[in-house]
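Subject: Structure for you, with notes on its salt bridges

Hi,

Here is the structure I promised to send over.

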Amino acid sequence: MEIGIVGNQTILVTEELTAKHLGSGELAVYATPCMIALMENTAYKSVQPFLEPGQGTVGTLLNVKHLAATPVGMEVRCETKLTAIDRRRLVFEVKAYDVCGLIGEGTHERFIIDNQRFMQKASDKLG
């Protein structure tokens, strides 16, 4: 895995992706939680092919600004770029655009994990 890996993904804003539908606001515009999920999904997919079998990544930190509203029916494009690697820690620059320009930007941190060990630790919480 090397610094510079990029990810790209485009979605169409539907009613189900609005702040009003999710309860994160009252208006029928693209919801911030959905933009964040798109950023995380795009980042994780971009590095997945470079991981060893049985490994995955989990999101641990987001610092994102939602800069502009996007209406239902418009596409949103997400771009991610891996900017730093520190052992198992991966740092991404994340950006989202609609046809009018930049709507969100920030940084996202993920950690490389062993999927089985991670799930075992989570399951152990149940007792």
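This is a predicted model: local features need pLDDT of at least 70, side-chain atom pairs count only at pLDDT 80 or more; totals for chains, interfaces and linings use all residues.

Residues are numbered from 1 along each chain as its sequence is written, and side-chain values use heavy atoms, with hydrogens and water left out.

Side chains of opposite charge can pair when their charged atoms come close. There are 4 salt bridges in the structure (a side-chain nitrogen of Lys or Arg within 4 Å of a carboxyl oxygen of Asp or Glu). Here are some of them.

Glu-109 pairs with Arg-89, with 2.7 Å between the closest N and O atoms. Glu-109 sits in strand β5 (residues 101–114) and Arg-89 in strand β4 (residues 89–98), so this pair ties together parts 20 residues apart in sequence. Strands here are DSSP runs (E, at least two residues), numbered from the N terminus. Glu-109 is buried at 13% relative accessibility, whereas Arg-89 is partly exposed at 29%. The cut-offs are under 20% relative accessible area for buried, over 50% for exposed, and partly exposed in between (1.4 Å probe, protein chains only).

Another salt bridge joins Glu-79 and Arg-77, at 3.0 Å from N to O. Glu-79 is partly exposed at 27%, and Arg-77 is partly exposed at 34%.

Then there is Arg-117 with Asp-114, at 3.8 Å from N to O. Arg-117 is exposed, with a relative accessible area of 58%, while Asp-114 is partly exposed at 32%.

Cheers

Terms used. Helices (H or I, at least four residues) and strands (E, at least two) are DSSP runs, numbered from the N terminus.
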